[in-house]
Amino acid sequence: MNAARPAVALVAGAIFGFGLSLSGMVDPARVLGFLDIASGHWDPSLMFVLGGAVLVTVPGMMIQRGMVKPVLDRRFHLPEKTAIDAPLLFGSALFGIGWGLAGFCPGPAISALATGSLPVVLFVAAMAAGMILHDRFLSASPR
């Protein structure tokens, strides 16, 4: 393993977390306001976050496709499974339900741990428990 990888990962994670905090993604009320289209109090400000993410991701993906391998690894670790199947749809629905109920998805929740808020800690603990349960009981089973 390249010794620079952990340092680069730390810097990239810090930049990502700062961006999530700056954009308000770590505030569940703001996220829920974005998801609440039906109430008449919809907060569209997170559309700019999505647009900014696309503006950074698309050129990054174009650059990646022209590379033989990453700078700090021997190969790219991209998803190999591309089928849209029942487990993907079910997992996506669970993710959306959890996001709509709590106002957090994994990245912002982990970034929000810095606030020390008990609901955030409980959300991250529940999220970690769900990931562990999936790894132990679902991902090892034959499909």
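How exposed is R5, in terms of its relative accessible area? R5 is partly exposed, with a relative accessible area of 33%, where buried means under 20% relative accessible area, exposed over 50%, and partly exposed in between (1.4 Å probe, protein chains only).

## Basis of the description

This is a predicted model, in which local features need pLDDT of at least 70 and side-chain atom pairs count only at pLDDT 80 or more, while totals for chains, interfaces and linings use all residues. Residues are numbered from 1 along each chain as its sequence is written, and side-chain values use heavy atoms, with hydrogens and water left out.

## Overall architecture

The secondary structure of the protein chain comes to six helices and zero strands, helices (H or I, at least four residues) and strands (E, at least two) being DSSP runs numbered from the N terminus. Along the sequence, the pattern accordingly reads α-α-α-α-α-α. Taken along the principal axes, the C-alpha atoms of the protein chain fill a box of roughly 50 × 40 × 30 Å.

Of the 143 residues in the protein chain, 16% are buried. The accessible surface of the chain comes to about 10,600 Å², and 74% of that area belongs to carbon and sulfur atoms; accessible areas come from the Shrake-Rupley method with a 1.4 Å probe, and for residues only the protein chains shown count as cover. Among contacts (heavy atoms within 4.5 Å) with a separation of 6 or more, 39% are between residues 24 or more positions apart.

Helix α6 (residues 118–138) has 21 residues and reaches 29 Å from its first C-alpha to its last, close to the 30 Å expected at 1.5 Å a residue; the expected span is 1.5 Å times one less than the number of residues. The buried residues of α6 are V120, F123, V124 and M127. They cover an arc of only 95° around the axis, which puts them on the same side of α6, the arc being that of the directions from the helix axis to the C-beta atoms. An α-helix has 3.6 residues a turn, so residues three or four places apart point the same way. The face of α6 turned away from its buried side carries the exposed residues L118, L122, A126, R136 and F137.

The cover over the buried residues of α6 includes α4 (86–102) and α5 (106–112). Within helix α5 lies A109, which counts as buried at 0% relative accessibility. Leaving aside its neighbours within four places in sequence, A109 is in contact with F104, V120, F123 and V124. The C-alpha atoms of A109 and A93, which are 16 residues apart along the chain, are separated by 18 Å.

## Helix α2

In α2, the buried residues are V31, G33 and F34. Seen down the axis of α2, these residues fall within an arc of 155°, so they line one face of the helix. What covers them includes α3 and α4.

The N-terminal end of α2 is capped by D27, a side-chain oxygen of which lies 3.1 Å from the backbone nitrogen of A29.

## Salt bridges and a polar contact

A search of the whole structure finds three salt bridges, each being a side-chain nitrogen of Lys or Arg within 4 Å of a carboxyl oxygen of Asp or Glu. One of them joins D73 and R5, the closest N and O atoms being 3.5 Å apart. Because D73 lies in the loop between α3 (46–65) and α4 and R5 in helix α1 (residues 4–23), the pair ties together parts that are 68 residues apart in sequence. D73 is buried, with a relative accessible area of 17%, and a polar contact of 2.8 Å joins the side chains of D73 and H77. A polar contact is a pair of N or O atoms within 3.5 Å; within protein, one must be able to donate a hydrogen and the other to accept it, and residues adjacent in sequence count only if both atoms are side-chain atoms.

The side chains of R30 and D43 also meet in a salt bridge (3.7 Å, N to O). This pair links distant parts of the chain, with R30 in helix α2 (residues 28–35) and D43 in the loop between α2 and α3, 13 residues apart. R30 is partly exposed at 31% relative accessible area, and D43 is partly exposed at 22%. K81 forms a salt bridge with D85, with the closest N and O atoms 3.1 Å apart; K81 counts as partly exposed at 49% relative accessibility, and D85 counts as partly exposed at 22%.
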